[in-house]
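Please look at the structure first, and then read the points below it.

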Amino acid sequence: MRKKQILLIIIIAFNIVMAAPLLQAENSGVIPDGFTLVAENQYLRLFLERSTTGFAVQNKESNQLWYSNPLHLAQEEKIARGRAKRKLRSQIQINYYAPGDQPRVMDNYNDSVLYKQFQITMLENGVRIDYTLGKEWDDQDFVPVMISRDRFEKMILGQIEDPAQRQFVKDQYVLVSLIAATAAQQEETEIAARELLGDYSLKSWSAELGQKKLFQLLVTQLVEHRADLERLGEITREDFEQLINNPTYIQWDLIPKWDREDLIQIIKETGYRPEDVREDHRSNRLDLPTPNQTIFDIPIIYTLEEQSLVVSVPVDQIKYPLDLLEEGELVSYPLHSLEVLPYFGAAGPGQQGYILVPDGSGALIELNNNKKYARPYEQPLYGFDQTLKARTEKISSVEQSYLPVFGLKEEEKAFLAIVEQGDAIATVKADIAGRTSSYNTVSARFTTIPKAKVVLQTIDPDSPEIPTELNIYQARIYQDQIRIRYQFLEQAEADYVGMAKAYQGYLIEQGLTRLNPAADIPFYLEVIGAIEHRAVVMGAPRTIIKPLTSYAQTKLLINELLEHQVSNIKVRYSGALQGGIKHVVPTELRLEESLGDREGFLELRDELNKQNIDFFPNVSFLNIYQDRLFDGFRANKDAARFLDRKVAKSYDYNIASYQHQPDDFAYLLSPLQLERLVDRFFADYSQYQLGGVSLQKIGKQLQADYRDDPQLLVDRQEALAIIAKETAKIDQKYKLELMVEGGNAFILPFVDHILKAPVGGSNFTVLDRTIPFYQLVLHGFINYAGQPFNFTPGYRKNILRSLETGASPYYLWTYSPSSLLKETDYDHFYSSFYADWLDEAGKVYQEINRVLQELQGQRIIDHQRLQEQVYQTTYEDGTAIIVNYNQEPVRINGLQIKEEDYLIIREGEIR
């Protein structure tokens, strides 16, 4: 046993000694051999390894280096082999489909660099590399079968410096020409040859060969390299005419395999290309080598912009196999997705740090956490595209990713990647070392041609009905560019707090502005006005409206809340429009009559204004719940389409069975119709002189419109641009305060209040812990709240979570008892009766407001996990809040914090 321990120690020590030079080389700031400077600005240098197209970015002040690919693959990589190991040198990976819906993959190293099918172009502040993925030419296509002496000696022999190699290549050919034949030569020529050669005979300039041997070589090469010839009798005299008094090299027909491989390699190195072979074969009446049609031309551009590396892929310049003629049929190879820089900043097996992913409020994956049993992280930005395909069941509850970022911390350095363009079609991927390679990685994959499956029912007379699955694809490729900005952090800034600050700074440049806080923090109250309910009336099923909180009752409810010392109330009124929560098409502000008349609504508005309470009626644009005659919406025209081209619907799910409810759905609006709907609604809404509006779904839902006509199709990135434009219009043209749920990044500059902001994550096994990255970015800029307190168990935990994340309290109430919701589609509002929560709400608000009142306009400058379930949040003025979620007291730096309690350290004093 002792011998084994000693041996293990020796092995560990040996590995450390061997790894030390590698780490020193990587962290020394010395650029490895093979990398050349291609761009430089005030802050950064960009180096390119031209032979592999890998690159390095260097911080000029610190000399810190970041690499596109692992630098020491030969020594560090212990898992991947062969092609998989070579793939670790790639910068682009693609997924496409061959005819028959066969999935295929390629990468730019295995399928472009190794074939030398790339071109480097220098730019003013960077470099562009154009790759051709897929072996464009067969190796044999580089070698001419027949070539004139002048071209052979100039373009091939003349480019070979090594005399031995030059002679080797020359020996694989025989130099032949047709010359006027003497009577003796004609008599020696066989009858078949004489009929073809006429008055000429074959002459060998480089070997002593008789007429018979030369003729056999010539016709053999003709028959083998002409698709239209099958035998000697089909050769004509015209097939030889180019040889008349024109010495031409003809390749020997029997060359050993090993010699042929050497011949191909030597000719490749001369620069002689298959295009040249085509010219020589055309001159000698031979078949022309044909390039492989299954190739993908993909450019990538690296530029330095201030302190960032910007990586872009102009997708509109990508060429992929489209409408090729194969065996009499037109076929295509759809480029389904591409992954950009999958190994940038990859951290090796011995590194300390973590990966940041935007899951929910943000989550960390510790480097080398050894969770090889867990699935890698892979989630789309901005949630699932509901128009991709209809879902009949809700398998699990997954937190959405609202921010288009990811990052990695390794020791004392970190990077943050911001997906600037293509974010709507992006999926963030992350994995740990030990599963498929020895590296921890994080990157983004972009779905350029979305796909879904359709089931065709076919009838076989000899068997039951057989379902057949086929892929169906978006009508065209995504037509904009992909753009990722990499920012680099070091020392104290190299953590998730520093990443949040970096992204916050980026959003400020995009228009995010500081909050002008009120005296007290907001108290968010969502009031449910009316709901719709299917019931049997006089023996027939009908949809009836149930009023839960009328306009008059809302005033009463608010007054009671004020009596409980709650201030700065923000009222979101859901179900105020005709039809209740699932209201009619919002072409104008049609009020729900069961809640009161128009005058009652205006009285509520005036009463709230009088008490300085902001009012946000809730309206849904993206989901159309009711389709009536002459209501301004026609499903076949105005609804989006699934990828199978059917009208797109979003279904509700049974909370017990997770099965969809076929009769309970909403049409998903085509993004092309959003502008029309917004303009009509707010032209009418403006007459009511309301200061705010709540936009249901717009903060968290993003849907495409997959129509057959490429001109009418709206891909997900185009949908993003439309929603951002209309949200900006509501903010800037109509001068309204905006309230949304969730808060996707692209609308943040126009939003004032966010409800149901993410406060946790999806709890995927591979994730190690959740962090308030979202709150670190937004606090001091936008007011936000998490889930309603009366639907989130844990009175103390709700308070602690608000104090840790700087969130305001939020309640969802009805004036009527919750019992009225039984056996309706809204029975999940089981704890909404306001009277059950008034006392708690007053106490909760007062406690949270005492702590956050002076901090609501400040940025969060630090967040730390002090120990398990104990966190510290620090604000700009130095105030620190330590929260203890444990059910027992803890001691931190000599300070004791009670169970489920907190401490405030302000100006050196504990409060």
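Helix α6 passes helix α10 in a left-handed crossing, a term used when the near helix is turned anticlockwise from the far one by less than a right angle, with right-handed meaning clockwise. This is a predicted model, in which local features need pLDDT of at least 70 and side-chain atom pairs count only at pLDDT 80 or more, while totals for chains, interfaces and linings use all residues. Residues are numbered from 1 along each chain as its sequence is written, and side-chain values use heavy atoms, leaving out hydrogens and water.

**The helix pair**
- The axes of α6 (residues 163–171) and α10 (residues 257–270) come within 10 Å and cross at roughly 115°; axes are lines fitted to C-alpha atoms, for helices over the stretch in contact, with angles from 0 to 180 degrees between N-to-C directions.
- Gln165, Phe168 and Val169 of α6 meet Asp259, Asp262, Leu263 and Ile266 of α10, where contact means heavy atoms within 4.5 Å.

**The sheet**
- An open sheet of 10 strands, paired antiparallel, has the order β7-β8-β13-β14-β27-β22-β21-β18-β19-β39, and two strands pair if DSSP finds at least two bridges between them.
- Because β7 (118–123) and β39 (769–770) each have a single partner strand, they stand at the edges, with one side of each left without a neighbour in the sheet.
- Eight bridges join β8 (residues 126–133) to β13 (residues 296–305), and Thr132 has Asp297 as its bridge partner in β13.

**The whole chain**
- The chain has 20 helices and 48 strands, which are DSSP runs numbered from the N terminus (helices H or I, at least four residues; strands E, at least two).
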